[in-house]
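Here are my notes for your read-through. Keep the structure open beside them and check each point as you go.

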Amino acid sequence: MTRSLLAVYPGSFDPVTFGHLDIIHRASRLFDGVTVTVLNNPSKQPLFSLEERMAQLRLVTADLPNVTVDGFAGLTVDYARLKGARVLIRGLRAVSDFELELQMAHTNKTLAVELETCFLATSNEYSFLSSSVVKQIARFGGPVEHLVPQAIAEELRAVFPLSQSLEK
Ligand code: ADP
């Protein structure tokens with residue numbers, strides 16, 4: 001009997017960008033199932049609530065039958081164990097990501113030896129892209145349609161109306 005290979009892709013996704021989506025699409029082709037898990041990180045003050053981020057992710061991954069979305073407040077390794085996942089997916093954009101990501105992978109290995117971290121290198125066109133960049137542009141009324149799906153761009157415009165950006 002073959003066990004299905006499940007992967008967890010954890011992150012803040014505040015909000016989900018085309019860079020995240022690229023990783024999700026590619027992971028969904030590599031693994032039997034992928035759960036995108038929005039982690040509640042107490043050291044970050046998110047723009048969108050956990051529920052909003054989960055709803056955004058569900059909307060933009062609706063066409064991927066083996067992708068599910070969940071939320072979790074706790075250690076990623078505990079979540080992976082709970083779900084019976086054997087792989088953690090992380091995206092790498094640049095060498096600057098690598099140091100922290102490698103440190104996290106080593107740390108997670110000390111907590112859960114059975115869990116492997118799989119790094120997917122970002123597609124070239126998204127190597128500059130982060131949720132923070134998107135929020136910075138949206139805050140000042142700039143265009144973000146080339147960086148995030150249309151529905152997310154609309155939500156950002158609702159949070160940062162043009163009139164508000166001009167006042168500041
Ligand atoms: P975190 O707070 O865990 O870093 P993020 O939402 O910023 O959460 O990122 C989640 C994962 O997605 C991380 O592995 C990050 O490196 C990856 N990621 C973020 N932006 C991109 C991008 N443009 N291309 C590829 N991977 C990305």
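1. Is β1 mostly covered or mostly open? Keep in mind that this is a predicted model. β1 is mostly covered, with five of its six residues buried.

2. Next, the partners of β1. β1 and β2 run parallel and are joined by six bridges. Within this pairing, Pro10 stands opposite Thr37 in β2. To get from β1 to β2, the chain passes through α1, and this β-α-β crossover is right-handed.

3. β1 also pairs with β4. The two strands run parallel, with two bridges between them. Here Val8 stands opposite Leu88 in β4.

4. The largest nonpolar core has 34 residues. Val36, Ile89 and Leu156 have the most contacts inside it. Elements that give two or more residues to this core include the strands β1 (6-11), β2 (33-39), β3 (67-72) and β4 (87-92). Among the helices that do so are α1 (18-30), α2 (50-60), α5 (131-139) and α6 (150-159). Apart from this core lies another, of 10 residues, among them Val8, Phe72, Tyr79 and Ala80.

5. Look closely at Ile89. Leaving out residues up to four places away in sequence, Ile89 touches Ala7, Val8, Tyr9 and Pro10, among others. Its contacts also include Ile23, Ala27, Phe31, Val34, Cys118 and Leu120.

6. Last, helix α4, residues 95-111. α4 has 17 residues and reaches 25 Å from its first C-alpha to its last. That is close to the 24 Å expected at 1.5 Å a residue. Which residues of α4 are buried? They are Asp97, Glu101, Ala105 and Asn108. Their cover includes α3 (76-83), β4 and β5 (116-121).

Technical notes. Residues numbered from 1 in each chain as written. Predicted model: local features only at pLDDT ≥ 70, side-chain atom pairs only at ≥ 80, totals over all residues. Heavy atoms only, no water. Core = buried A, V, L, I, M, F, W, Y, C linked by side-chain atoms within 4.5 Å. Buried < 20%, exposed > 50% of the residue type's maximum accessible area, 1.4 Å probe, protein only. Helix = DSSP H or I, 4+ residues; strand = E, 2+ residues; numbered from the N terminus. Contact = heavy atoms within 4.5 Å. Expected span 1.5 Å × (residues − 1). Pairing = 2+ DSSP bridges. Right-handed = clockwise from strand over helix to strand, strands pointing away.
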